Amino acid sequence: MADDYENFKKRVWDLTKIDLNSYKERQMKRRIDSLITKHGIKGYEKYVMELKNNKEIFDEFINFLTINVSEFYRNPEQWVTLEKDIFPMLFKKFGKNLKIWSAACSTGDEPYSLVMLLTKFLPLNQIKIMATDIDKQVLEKARLGLYNVKSLKALPKEFISKYFTQINDKTYQISSDIKKRVEFKEHNLLKDPYPTNCDLIICRNVLIYFTEEAKTEIYKKFNSSLKKEGLLFVGSTEQIIQPKVLGFNTYKSFFYEKF
């Protein structure tokens, strides 16, 4: 079975350009095995054939492979830091036309949160966020902008009343005015070119799923993507142990400045 899985990883790379070697193997293999079992498919070889020939199974595999835990204003105290410290500092240093990248943005909760927060500083028509993810399905969900009420529990009430329409007891639609300020694109952190001259990169609660080698490579690429003194904002479980080795100084907890 070990050889079968090694071959499966190569076939997945050929098919999707997703490198399963960069994910923690035991965890990822367990998730894939459960998906294969769910469909009653006998082995990796037959599953690859289904991935090639069945769009529903292919889309499900991509969605299942990707970690999509997201919510608006996740870790609210860090959004207070963004409002009170980070954005005023960045505006002073780089001006009001910031280049902001929300990497591995999942269903759009994070980039939309950024737009809403930035309305405290700028007119809506001056705000632009670049948001990327490897998963086409979650990007489609992000563009649609329909959210369960649970996703909004940490969002300031002023934003909910101003920028959302309640569809039913459990579902809210984000306003088109907010949606227009985010440009969503497909992007693979492990293989695609990175944007350049960013003032702020947000990548939270994603790199915990990668190997140490893959994380180091991604952090180095983020560093190259940032302007000097630009900031990287990471998740609450992803503090960088030796930031100086990767070209960063610690600015605050979870915020790293390129030197």
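How many bridges join E1 to E2? Three do, and the two strands run parallel. What you're looking at is a predicted model, where local features need pLDDT of at least 70, side-chain atom pairs count only at pLDDT 80 or more, and totals for chains, interfaces and linings use all residues. Residues are numbered from 1 along each chain as its sequence is written, and side-chain values use heavy atoms, with hydrogens and water left out. Helices (H or I, at least four residues) and strands (E, at least two) are DSSP runs, numbered from the N terminus.

**Strands and how they pair**

Two strands pair if DSSP finds at least two bridges between them. Buried means under 20% relative accessible area, exposed means over 50%, and partly exposed is in between (1.4 Å probe, protein chains only).

- Let's start with strand E2, residues 129–133: five of its five residues are buried, so the strand is mostly covered.
- Both faces of E2 are covered, with Ile129, Ala131 and Asp133 buried on one side and Met130 and Thr132 buried on the other.
- Strand E7 (residues 198–203) has six of its six residues buried, so the rest of the structure largely encloses it.
- E7 pairs with E1 (residues 100–102) over three bridges in the parallel sense, and Trp101 stands opposite Ile201 in E7.
- Strand E8 (residues 226–234) runs parallel to E7, and five bridges join the two. Find Cys203 and you'll see Val234 of E8 opposite.

**Salt bridges**

Side chains of opposite charge can pair when their charged atoms come close. A salt bridge here is a side-chain nitrogen of Lys or Arg within 4 Å of a carboxyl oxygen of Asp or Glu.

- A search of the whole structure turns up 19 salt bridges.
- One of them links Lys9 and Glu6, at 3.0 Å from N to O. Both residues lie in helix H1 (residues 2–16), three residues apart, which is about one turn of the helix.
- Lys9 is buried, with 5% relative accessible area, whereas Glu6 is partly exposed at 35%.
- Glu110 pairs with Arg204, and their closest N and O atoms are 3.9 Å apart. Glu110 lies in helix H6 and Arg204 in the loop between E7 and H10, so this pair ties together parts that are 94 residues apart in sequence.
- Glu110 is buried at 10% relative accessibility, and Arg204 is buried at 6%.
- Salt bridges that share partners join Glu83, Lys84, Lys120 and Glu158 into one network.

**A closer look at Glu83**

Contact means heavy atoms within 4.5 Å.

- You'll find Glu83 in helix H5 (residues 76–94), where it counts as buried at 18% relative accessibility.
- Its salt bridge to Lys84 spans 3.9 Å, N to O. Lys84 itself is exposed, at 60%.
- Leaving aside neighbours within four places in sequence, Glu83 is in contact with Pro88, Leu117, Lys120 and Phe121.

**A closer look at Lys29**

- Lys29 sits in helix H2 (residues 25–38) and is partly exposed, with a relative accessible area of 22%.
- Leaving aside neighbours within four places in sequence, Lys29 is in contact with Tyr5 and Tyr44.
- Lys29 and Lys9 are 20 residues apart along the chain, and their C-alpha atoms are separated by 9.9 Å.

**A nonpolar patch on the surface**

- Leu144, Leu146 and Ile167 form a nonpolar surface patch with about 270 Å² of accessible area together. Accessible areas come from the Shrake-Rupley method with a 1.4 Å probe, and for residues only the protein chains shown count as cover.
- Patches are made of residues with over 30% relative accessible area and no salt bridge: like charges are joined within 9 Å, and nonpolar side chains (Val, Leu, Ile, Met, Phe, Trp, Tyr) within 5 Å.
- Look for Ile167 in the loop between strand E4 (164–166) and strand E5 (171–174).
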